[in-house]
Amino acid sequence: MTTPERAAPQRPPTPAAPDRGPDQRAPVLAAQGLSIEFPGVKALQEVDFRLLPGEVHALMGENGAGKSTLIKCLTGVYRPTAGAVLLDGRPVSFSRPAAAQEAGVSTVYQEVNLCPNLTVAENILLGREPRRLGMVDGRAMRARAAEVLEGMGVRADPGSALGSHPIAVQQLVAIARAIVVDARVLILDEPTSSLDADEVEELFRVVRAQRDAGTAILFVSHFLEQVFAVSDRMTVLRNGQLVGEHRTSGTTRLQLVGEMLGRELSASDAAPAARGDDASDREPVLRARGLGRRGGVEPFDLDVHPGEVVGLAGLLGSGRTELVRLLFGADRPDSGTLEVGGRRLRARGPRAAVAAGVAFSSEDRRAEGVVGDLSVRDNMVLALQASRGWARPLPQRAKDELVEEWIRRLDLRPASPDTLVRNLSGGNQQKVLLARWLITRPRVLILDEPTRGIDIGAKTQIADLVLELAAGGTAVVLISAELEEVLRLAHRVVVMKDRRKIAELPGDCSFDDVMGLIARSDDDHAHHELAPAGAERRTA
Amino acid sequence: MSAQQLAAEERGPGLVARATGSRLLWPVLALVALLVLNTAVNPGFLSVEVRGDRLYGSLVDILKNGAPVLLVAVGMTLVIATRGIDLSVGAVVAIAGAVACTSVATAPDPSSPSAAVVGMSTALAVCVLLGLWNGFLVSVVGIQPIIATLVLMTAGRGIAMLITDAQIITVNNPTLNAVGAGFVLLLPVPILISVGVLVAVALLTRRTALGLFVESVGINPEASRLAGLRSRTILWTVYVFSALCAGVAGLMIAANVNAADANNAGLWIELDAILAVVIGGTSLAGGRYSLAGTLVGAMVIQTLTTTVYSIGVPPEVSLVFKAVVVILVFLAQSPQARGLLVRRRRRPAAAGSPRGGGRRAPGDGAGSSGGTGSTPVREDAPQEHQEVGRA
């Protein structure tokens with residue numbers, strides 16, 4: 001019942017799948033009964049997998065389901081314990097990733113793995129430079145790179161430094177690098193996680209063009225809407241086992257999520273959560289008046305009441321993040337006032353905000369959130385310890401009790417306080433970050449994209465936690481790129497557009513209400529980010 | 001997986017991994033090896049005896065001569081933990097000596113205890129100012145530490161020359177001399193000062209939250225700021241502390257020879273200190289630091305210097321000898337280099353399996369062309385990286 005057309009009304013419809021009659025053709029890359037064990041873990045158990053030429057195939061599963069392991073087996077990074085990898089029907093055993101690439105299987109990893117100081121052309125052809133009399137032929141190299149980029153429809157000067165381009169272009173260059181070797185199989189591992197809606201669309205255009213040229217594309221993403229928008233077929237893994245192989249057009253989101261999770265959806269997934277009584281008659285705990293910053297966000301008024309979840313809706317770049325950074329003092333406002341608990345916050349900056357009971361979890365977990373090389377314990381107590389000052393260390397026992405308690409309450413895995421945080425998965429890192437702030441017992445908790453890039457199980461847990469905290473009297477300010485998530489959790493929705501707060505809506509407003517406000521009177525491109533998420537949920 | 005296998009898994013990484021995993025193992029082994037070498041050459045090397053009110057022996061000499069480097073390295077450890085570096089300590093050593101000696105020499109009574117106290121206090125106050133300058137450039141202006149401290153490294157000796165009027169200032173003050181050459185409780189004063197500072201810093205940073213804050217800022221400054229840490233103050237403090245350590249080291253050096261030599265006092269001490277910190281297992285990338293490691297590192301450096309003299313390495317190649325030993329220690333510390341060595345030894349067995357052949361192909365080429373000893377290890381490492389990077 002869901003279709004890509006419905007999900008993205010502004011886009012020309014995707015060429016329909018039937019003319020490519022997928023199921024009859026011989027797979028270009030396949031796995032048969034693939035198993036791999038690591039000490040104590042069966043990472044994959046007898047997984048069958050088929051990737052057909054000229055299809056975009058989505059590999060779905062929660063974190064730890066075995067997606068990365070499967071990719072690594074297919075590309076020769078890991079060697080399976082049992083089973084076979086077949087290329088064109090013949091068993092192959094790539095000795096190393098480069099051998100896979102020589103055989104036409106190219107992989108683009110999640111983090112852009114390029115050299116920002118080199119030129120675009122050098123990045124595309126690194127290690128495969130055209131040579132002339134033994135020297136690198138710069139002109140031929142740029143020409144070859146320009147040809148590839150043009151074939152992809154990417155406008156970027158091959159002679160410019162890669163670092164001078166936005167992440168999206170760098171991502172496309174990474175793909176150019178992967179296909180310059182005439183790849184027949186292109187594996188894209190979370191290629192969209194740092195792109196905004198327009199950039200995703202650009203990427204998909206390239207992906208579709210490659211598909212139509214006959215390349216088999218394996219696509220891994222956490223974004224359900226993107227999977228439904230771009231893929232032809234999908235394979236679902238759970239706990240290292242194959243649970244389903246489907247044609248995308250015949251699959252509903254509910255079915256897919258059910259397979260990925262292997263359990264019934266919890267209440268907060270299926271239906272709007274029971275909301276607390278209306279909080280707006282109480283005294284606000286956070287009151288901003290005319291708060292603004294030039295080049296950041298225009299002056300705005302905002303009240304947040306105890307026990308209330310205020311959601312911020314808007315497109316990427318609409319000023320959502322800039323607004324909450326002013327509330328916390330992460331950036332210095334140049335106008336307006338901020339009151340917390342009825343008292344004017346004069347000193348500006350994170351320390352003052354923390355002292356007043358405001359907590360802020362940044363959208364950029366890695367750069368601005370966790371301290372990767374410190375343990376879970378140290379990360380969790382960091383904010384509380386910072387507010388106590390260096391001279392009054394938390395007693396060891398109090399520290400251990402707090403950390404144990406939050407590891408249990410947030411279901412952290414592994415449940416060890418000594419693990420270095422950089423070794424945790426994204427969802428667990430987010431939980432550590434949440435614990436760091438919850439340990440300080442904040443009155444106002446600001447969460448910027450707390451569910452970005454984490455698996456659905458952890459998403460549900462964090463959503464439940466937000467509701468639980470609000471029920472306990474904490475005020476929560478929530479940003480999420482998934483409007484549906486904001487609508488589900490928030491008692492009140494603040495709509496942002498072009499770095500301006502344009503409206504406040506009650507929590508039971510509909511997706512279309514918000515869309516209407518944002519889309520009113522101008523540009524069409526604005527729909528991209530919000531459209532898929534919302535339309536999808538309604539129809540599912 | 002059977003219970004036996006599981007048990008083996010648990011035992012496997014147990015003892016060996018814990019011993020080889022410790023950051024201190026290899027520098028300690030290096031230190032022991034150097035001591036053994038010295039004892040072999042000079043059987044009386046380890047003997048220590050009491051003569052009058054003081055201890056005599058090579059070990060005491062090593063500790064005493066290594067005290068300034070150790071002290072500077074303690075300050076450097078905290079700076080490096082914040083992902084910084086302080087190149088100016090050598091210059092600060094010279095300035096501290098110059099200020100103290102000039103002040104004492106121009107005092108009304110150059111041999112009185114009060115002249116020494118005034119001279120040393122002035123010197124340390126100047127060092128605090130120098131540290132504030134470094135900290136200002138790094139934490140407020142935001143200049144990269146290596147450049148910011150390069151300013152004072154270059155200018156510092158000039159400043160010291162200005163203070164001493166380009167002369168070597170000699171003084172004769174028993175109180176000042178005691179700081180560099182005196183004995184208390186049988187031990188040389190410099191040892192007591194350096195070890196005292198080391199212990200005090202260890203207690204101060206590990207018993208309070210200061211160590212956590214320093215590491216946190218070193219690993220992720222922005223996350224630390226958003227968690228409510230005073231990142232800037234912490235940065236500033238470690239640079240002031242580093243300069244203060246260098247200042248005290250400068251007093252020791254000047255007091256030991258009763259003179260301030262703006263040109264040569266503390267020459268290259270910044271490099272020895274950085275080396276001591278790194279040998280001790282603290283990464284130049286910031287974050288986790290080990291003061292015990294720094295102590296071992298400083299002792300390795302000083303023992304090495306002593307060894308060069310005692311085993312009669314010709315002076316013209318003594319620096320090369322030092323460099324070779326340091327490289328060996330680093331290679332032993334590097335898990336990658338150790339892994340390559342182990343694999344190389346096992347290769348005949350693995351080469352037969354289909355799995356071994358292809359995967360090691362690039363390493364083989366480099367290895368066979370590279371000769372023996374540590375050289376092929378160094379050649380292999382980048383090769384191996386390139387392969388992974390291209391994938």
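The legends below describe close-up views of a predicted model.

**View 1. The interface of chain A and chain B.** In this view, 42 residues of chain A are in contact with 28 residues of chain B. The two chains bury about 2900 Å² between them, and 62% of that area is on carbon and sulfur atoms. Three residues, Arg79(A), Arg351(A) and Trp390(A), supply 21% of the area that chain A buries against chain B, more than any other three residues.

**View 2. Polar pairs and helices at the interface of chain A and chain B.** Six residue pairs in polar contact are found across this interface, with both residues of each pair at pLDDT 80 or more. On the side of chain A that touches chain B, at least two residues each come from helix H3 (97-102), helix H11 (320-328), helix H12 (350-356), helix H13 (365-369), helix H14 (376-388) and helix H16 (426-438). H14(A) gives the most to this side, with six residues. By residue class, the side of chain A that touches chain B divides into 21 nonpolar, eleven polar and ten charged residues.

**View 3. The salt bridge between chain A and chain B.** One salt bridge is found across the interface of chain A and chain B. Its partners are Glu222(B) and Arg325(A), whose closest N and O atoms are 4.0 Å apart.

View 4. Lys399(A) is placed in helix H15 of chain A, which covers residues 396-409. Lys399(A) is buried yet has no salt bridge. Leaving aside residues up to four places away in sequence, Lys399(A) touches Arg377(A), Val381(A) and Leu394(A).

**View 5. The salt bridge of Arg409(A) and Glu405(A) in helix H15.** The side chains of Arg409(A) and Glu405(A) meet in a salt bridge, at 3.5 Å from N to O. Both residues lie in helix H15 of chain A, four residues apart, which is about one turn of the helix. Arg409(A) has a relative accessible area of 43% and is partly exposed. Glu405(A) is also partly exposed, with a value of 27%.

**View 6. The salt bridge of Glu201(A) and Arg208(A).** An N to O distance of 3.6 Å separates the side chains of Glu201(A) and Arg208(A), which meet in a salt bridge. Glu201(A) counts as buried because its relative accessibility is 16%, where the limit for a buried residue is under 20%. Arg208(A) is buried as well, with a relative accessible area of 13%.

**View 7. The salt bridge of Lys501(A) and Glu504(A).** Lys501(A) and Glu504(A) form a salt bridge in which the closest N and O atoms are 2.6 Å apart. Lys501(A) counts as partly exposed at 22% relative accessibility, and Glu504(A) counts as partly exposed at 36%.

**View 8. A network of salt bridges with residues from chain A and chain B.** Salt bridges that share partners join Arg325(A), Asp331(A), Glu368(A), Glu222(B) and Arg225(B) into one network. Over all chains, the structure holds 31 salt bridges.

Methods. Residues numbered from 1 in each chain as written. Chains lettered and ligands numbered in written order. Predicted model: local features only at pLDDT ≥ 70, side-chain atom pairs only at ≥ 80, totals over all residues. Heavy atoms only, no water. Contact = heavy atoms within 4.5 Å. Buried area = accessible area lost by both parts, 1.4 Å probe. Polar contact = N/O pair within 3.5 Å; in protein donor to acceptor, adjacent residues only side chain to side chain. Nonpolar A, V, L, I, M, F, W, Y, C, P; charged D, E, K, R; others polar. Buried < 20%, exposed > 50% of the residue type's maximum accessible area, 1.4 Å probe, protein only. Lys, Arg positive; Asp, Glu negative; His and termini not counted.
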